[in-house]
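User: I'd like to learn how to read the features of a protein model step by step. Could you walk me through this one?

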Amino acid sequence: ALDQALAAVAAGQDDLPGAAVARRSLAAAAPELVAHELERCRRWRPVAVEADFRLTLGQVHGWLAARGAAAPEPPAGRTDFELVGTIDRVDVARDGSSVAAVVDYKTGQVPARSRESQGRELQLVLYALAVETGEVSGLPTPPGGADRWQLGAGGFYGLAPKTLGFKESLDGGGDFIAGVATIYRQVLEILDGIAGVAAAAA
């Protein structure tokens with residue numbers, strides 16, 4: 001099965017730059033990658049890949065407010081401003097809880113966990129927020145009557161030989177809330193800048 005998968009990847013990469021190098025790297029890493037995946041799947045079950053999400057600025061504000069985080073109201077007319085994206089993969093816990101994990105694949109360097117606490121790595125934060133607000137397409141209904149999935153872990157999955165495997169970089173604690181607050185603040189700053197340019201051009 002592994003040989004068939006590698007052959008399929010190779011067939012689809014013939015027209016891509018560096019295809020031969022990519023095939024060799026994948027072939028070299030595949031056995032260890034399968035071992036990592038089998039170990040991870042003891043606790044986690046993948047339920048969505050390339051999962052699209054769409055959430056509004058109003059939802060971000062509401063999520064922060066529900067957790068006691070101070071955040072100004074969205075500007076007038078901007079409550080429905082949307083943040084959209086695609087998550088590489090979402091896993092859910094096998095223990096029957098409503099806990100989920102977001103996974104981002106990396107073919108190069110994996111960001112250090114310290115970047116999350118410093119508010120400099122917000123990709124996983126946005127993905128996790130989309131999961132917690134229930135705005136990720138294709139996710140199953142949470143078990144036990146829960147209305148939303150809750151973040152259990154977020155991390156980068158290295159695919160290069162030197163970074164192979166899942167590296168947890170985010171949990172549901174203070175760094176998560178602080179990261180969401182940073183995203184909200186940055187979006188407000190961008191909207192303020194756009195409004196300023198529009199006013200100057202009027």
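Analyst: Happy to; we will go from the overall fold to helix packing, then to rings and single residues. This is a predicted model, where local features need pLDDT of at least 70, side-chain atom pairs count only at pLDDT 80 or more, and totals for chains, interfaces and linings use all residues. Residues are numbered from 1 along each chain as its sequence is written, and side-chain values use heavy atoms, with hydrogens and water left out.

User: Thanks! How many helices and strands does the chain have, and what pattern does the chain follow along the sequence?

Analyst: Helices (H or I, at least four residues) and strands (E, at least two) are DSSP runs, numbered from the N terminus. Here there are six helices and five strands, arranged along the sequence as α-α-β-α-β-β-α-α-β-β-α.

User: What share of the 202 residues is buried?

Analyst: Buried means under 20% relative accessible area, exposed over 50%, and partly exposed in between, with a 1.4 Å probe and protein chains only. Buried residues make up 37% of the 202 residues in this chain.

User: And what do contacts say about sequence separation?

Analyst: Contact means heavy atoms within 4.5 Å. Among the contacts in the chain with a separation of 6 or more, 71% are between residues 24 or more positions apart.

User: Now helix packing, please. At what angle do helix 3 and helix 6 cross?

Analyst: Axes are lines fitted to C-alpha atoms, for helices over the stretch in contact, and angles run from 0 to 180 degrees between N-to-C directions. The axes of helix 3 (residues 57-66) and helix 6 (residues 174-201) cross at roughly 145 degrees and come within 10 Å. The contact draws on L57, V60, H61, W63 and L64 from helix 3, and on F176, I177, V180, A181, Y184, V187, L188 and L191 from helix 6.

User: How do the residues of that contact divide into nonpolar, polar and charged?

Analyst: In this scheme Ala, Val, Leu, Ile, Met, Phe, Trp, Tyr, Cys and Pro count as nonpolar, Asp, Glu, Lys and Arg as charged, and the others, Gly among them, as polar. The contact of helix 3 with helix 6 has 12 nonpolar residues, one polar and no charged.

User: Which residues does V60 touch?

Analyst: V60 sits in helix 3 and is buried at 0% relative accessibility. Not counting residues up to four places away in sequence, V60 touches L55, L83, L129, V180 and Y184. Its C-alpha atom is 9.7 Å from that of L126, 66 residues apart along the chain.

User: How many residues of helix 5 are buried?

Analyst: Helix 5 (residues 123-132) is mostly covered, with nine of its 10 residues buried; L126 and L129 are among them. Just after helix 5, G134 has a positive phi of about 75 degrees.

User: Which residue has a positive phi although it is not a glycine?

Analyst: That is E50, with a phi of about 50 degrees. E50 belongs to strand 1 (residues 44-56) and is exposed, at a relative accessible area of 54%.

User: How many aromatic pairs does the structure hold?

Analyst: Rings of Phe, Tyr and Trp (its six-membered ring) pair if their centres lie within 6.5 Å; planes under 30 degrees apart count as stacked, over 60 as edge-to-face and the rest as tilted. A search of the whole structure gives four such pairs. In one of them, Y157 and F166 have ring centres 6.4 Å apart and planes at 65 degrees, so the pair is edge-to-face. Y157 is buried at 1% relative accessible area, whereas F166 is partly exposed at 21%. Ring pairs also join Y105, Y157 and F166 into a cluster.
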